[in-house]
Amino acid sequence: MAIAAAATSTATSAAAALSSLNSSSSSHSRLLLRAPRALTPPAPRRPRPFSVKALAAPALTQDDLKKLAADKAVEYVRSGMVLGLGTGSTAAFVVAKLGELLKGGQLKDIVGVPTSKRTEEQARGLGIPLSILDDHPRIDLAIDGADEVDPYLNLVKGRGGALLREKMVEAASKEFVVVADETKLVDGLGGSGLAMPVEVVQFCWKYNLVRLQELFNEEGCDAKLRLNQDGKPYVTDNSNYIVDLYFKTPIKDGPAAGKEISSLEGVVEHGLFLNMATAVIIAGKTGVDVKTK
């Protein structure tokens, strides 16, 4: 009886265990497996805007261009030369360079013939030996600036007031090298609309001013006496006055104009420098250009 009860109890326990297992299996079979969420990559970061500014080379000033031309002109100079020293802002760079080379020993035994009191003072201050045409009537090389340069290398000079001495010295030179910046180039003399100077004696200067203006009526010329800042007449190193001619159109015939101006009594000299330059050195933003006939 006891064995039969035990067997019955064991069978009952096994049946209970089996029922529990089936119940557990049924519960697990109802579990749903969910697919993993797709990983969304983070949005790319936008680069911060930036800019690169190119450092432009500083633009050359007019004085920079004049100095470039002056330095090139001094390359024509050799030791032992007699030199005509021009007048004006560009010529001042030439004189300064000559003084520098003389002091450094690159040039020796040069003699300068200045074309104005201003140039004389500058050259003396730099230790450049000086002379005059009386003692050195033949000059090896003259270097000077110009106010206008036409395609044939004819010039307008003398806005600095030294046209008479400039023309005397440069006419006595074997070579005449002109230095200028590109703003001085014109298609025809007088074409810049700026002054073309005529040096006249003080006596009856109004009489000559009127005659000069009448010479160029077709060009629409205005003739004006040059004045200092104080309103008084400008006086040249030769104690003369200057009548400035302002042309509305370029001079048609330079040689004829020069001849007519010179024929007037009381006219000392004019600022047309015709067929005198042997080379013109032009400094521009693209470099230095040497023009020769």
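This briefing walks through the fold, salt bridges, surface and loops of the structure above. The model is predicted, so local features need pLDDT of at least 70 and side-chain atom pairs count only at pLDDT 80 or more, while totals for chains, interfaces and linings use all residues. Residues are numbered from 1 along each chain as its sequence is written, and side-chain values use heavy atoms, with hydrogens and water left out. The protein chain has seven helices and 13 strands, and 15 salt bridges are counted.

**Overall picture**

- Seven helices and 13 strands make up the secondary structure of the protein chain; helices (H or I, at least four residues) and strands (E, at least two) are DSSP runs, numbered from the N terminus.
- Of the 293 residues in the protein chain, 40% are buried; buried means under 20% relative accessible area, exposed means over 50%, and partly exposed is in between (1.4 Å probe, protein chains only).
- Among contacts between residues at least 6 apart in sequence, 74% join residues at least 24 apart; a contact means heavy atoms within 4.5 Å.
- The accessible surface of the protein chain is about 17,600 Å², and 56% of this surface belongs to carbon and sulfur atoms; accessible areas come from the Shrake-Rupley method with a 1.4 Å probe, and for residues only the protein chains shown count as cover.

**Salt bridges**

- The count of salt bridges comes to 15, each being a side-chain nitrogen of Lys or Arg within 4 Å of a carboxyl oxygen of Asp or Glu.
- One of them joins Lys 157 to Asp 144, with the closest N and O atoms 2.9 Å apart. Lys 157 lies in the loop between β5 (155–156) and α5 (163–171) and Asp 144 in strand β3 (residues 139–145), so this pair ties together parts that are 13 residues apart in sequence.
- Lys 157 and Asp 144 are both buried, and a network of salt bridges links Asp 144, Lys 157 and Glu 166.
- Glu 148 and Arg 159 also form a salt bridge, their closest N and O atoms being 3.0 Å apart. Because Glu 148 sits in strand β4 (residues 148–149) and Arg 159 in the loop between β5 and α5, the pair ties together parts that are 11 residues apart in sequence. Glu 148 counts as buried, at 1% relative accessibility.
- A further salt bridge brings together the side chains of Glu 265 and Arg 211 (3.3 Å, N to O). Here distant parts of the chain are linked: Glu 265 is in the loop between α7 (254–262) and β10 (267–270), Arg 211 is in helix α6 (residues 205–215), and the two are 54 residues apart.

**A nonpolar surface patch**

- Leu 60, Leu 68, Val 288 and Val 290 make a nonpolar surface patch of about 270 Å². Patches are made of residues with over 30% relative accessible area and no salt bridge; like charges are joined within 9 Å, and nonpolar side chains (Val, Leu, Ile, Met, Phe, Trp, Tyr) within 5 Å.

**The loop between β8 and β9**

- Thr 236 is found in the loop between β8 (222–225) and β9 (241–246) and is buried, with a relative accessible area of 5%.
- Leaving aside residues up to four places away in sequence, Thr 236 touches Gly 161, Glu 199 and Ile 242.
- Asn 238 is also in the loop between β8 and β9, but is partly exposed, with a relative accessible area of 25%.
- With residues up to four places away in sequence again left out, Asn 238 touches Leu 164, Arg 165 and Glu 199.
- Asn 238 and Glu 199 are 39 residues apart along the chain, and their C-alpha atoms are separated by 9.6 Å.
- The side chains of Asn 238 and Glu 199 make a polar contact (3.2 Å). A polar contact is a pair of N or O atoms within 3.5 Å; within protein, one must be able to donate a hydrogen and the other to accept it, and residues adjacent in sequence count only if both atoms are side-chain atoms.

**Positive phi values**

- Most residues other than glycine have a negative phi.
- Asp 109, which is not a glycine, has a positive phi of about 60°. Asp 109 lies in the loop between α3 (89–104) and β2 (111–114) and is exposed, with a relative accessible area of 65%.
- Asn 275 has a positive phi near 55°. The loop between β11 (272–273) and β12 (279–284) holds Asn 275, which is exposed, with a relative accessible area of 61%.
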